[in-house]
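This briefing concerns charged side-chain pairs and backbone torsion angles. Please examine the model below before reading the notes.

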Amino acid sequence: PSGETIALAEGYQYLEIADFDGIGNGKTHTGKDHLLYETPAGLIPVGYGGFFQANGFLNSTFQNCATEGIRGRVLELYAGSGFFTAALIKNAAVEAIELNKTAAALARKVGLPVRAADVSVISGGKSRDDVVFMDPPRDGGDKKTLAAVQAISPAQIVYVSCNPMTLARDLMKLSDSYSITEFTLFDMFPHTFHTESVVKLKKLV
């Protein structure tokens, strides 16, 4: 039942159980098309067919670590349904792009400025963007996207990754123009090999 609080093992936090309002199977679903997840930056829609981090104990710290200190004009790639967008727009002018139309539409339902588009066709050349913030899937950034990011040449890049292999590959491609200033690991699934990385890079002078 909604709002019920149960005690976990001694030394652990309490967990609040919420109603389950929808279910999906294959290409169909029944019930609500999304639920709302509360973060320090606001409510984030979580919908069927989309992606969301499952570790509720680390999500707030993860969101804050990735977006802390970001100011100016931000181009956010692979924005999803706005988990990081909600925090970024507090202190920056954000253009957020997401390929999945369903995820982008959910973000807009709660007022987050996520545009449905293919991130690989972002324009290169001179740009006023101060920061490129990217959270690609396990395959990492594709060649066209990374080339466009390098052409934009922002002062800072924030790269969030769930795959150390593709992260290493992409950081090597950026290493001629950028250096790492912060590298933070999040153990989202303890006792497994799955980690999330937040890497902040600055442009070499």
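The notes that follow are grouped by topic.

The model is predicted. Its salt bridges come to a count of 2, and positive phi values occur at Ser153 and at His191.

**Salt bridges**

- Side chains of opposite charge can pair when their charged atoms come close.
- Glu95 and Arg115 form a salt bridge through their side chains, with an N to O distance of 2.6 Å.
- This pair joins distant parts of the chain, since Glu95 belongs to strand S8 (residues 92-98) and Arg115 to strand S9 (residues 114-116), 20 residues apart.
- Glu95 has a relative accessible area of 34% and is partly exposed; Arg115, at 41%, is likewise partly exposed.
- A salt bridge also connects Arg169 with Asp170, whose closest N and O atoms are 2.9 Å apart.
- Arg169 is partly exposed at 33% relative accessible area, whereas Asp170 is buried at 0%.
- Asp170 is classed as buried because its relative accessible area of 0% falls under the 20% cut-off.

**Positive phi angles**

- Most residues other than glycine have a negative phi.
- Ser153, a residue other than glycine, has a positive phi near 55°.
- Ser153 is located in the loop between helix H4 (143-152) and strand S11 (156-161), and is partly exposed with a relative accessible area of 28%.
- His191 is not a glycine, yet its phi is positive at about 70°.
- The loop between strand S12 (178-186) and strand S13 (196-203) contains His191.
- His191 counts as exposed because its relative accessibility of 84% is over the 50% cut-off.

How values were computed
Residues numbered from 1 in each chain as written. Predicted model: local features only at pLDDT ≥ 70, side-chain atom pairs only at ≥ 80, totals over all residues. Heavy atoms only, no water. Salt bridge = Lys/Arg side-chain N within 4 Å of Asp/Glu carboxyl O. Helix = DSSP H or I, 4+ residues; strand = E, 2+ residues; numbered from the N terminus. Buried < 20%, exposed > 50% of the residue type's maximum accessible area, 1.4 Å probe, protein only.
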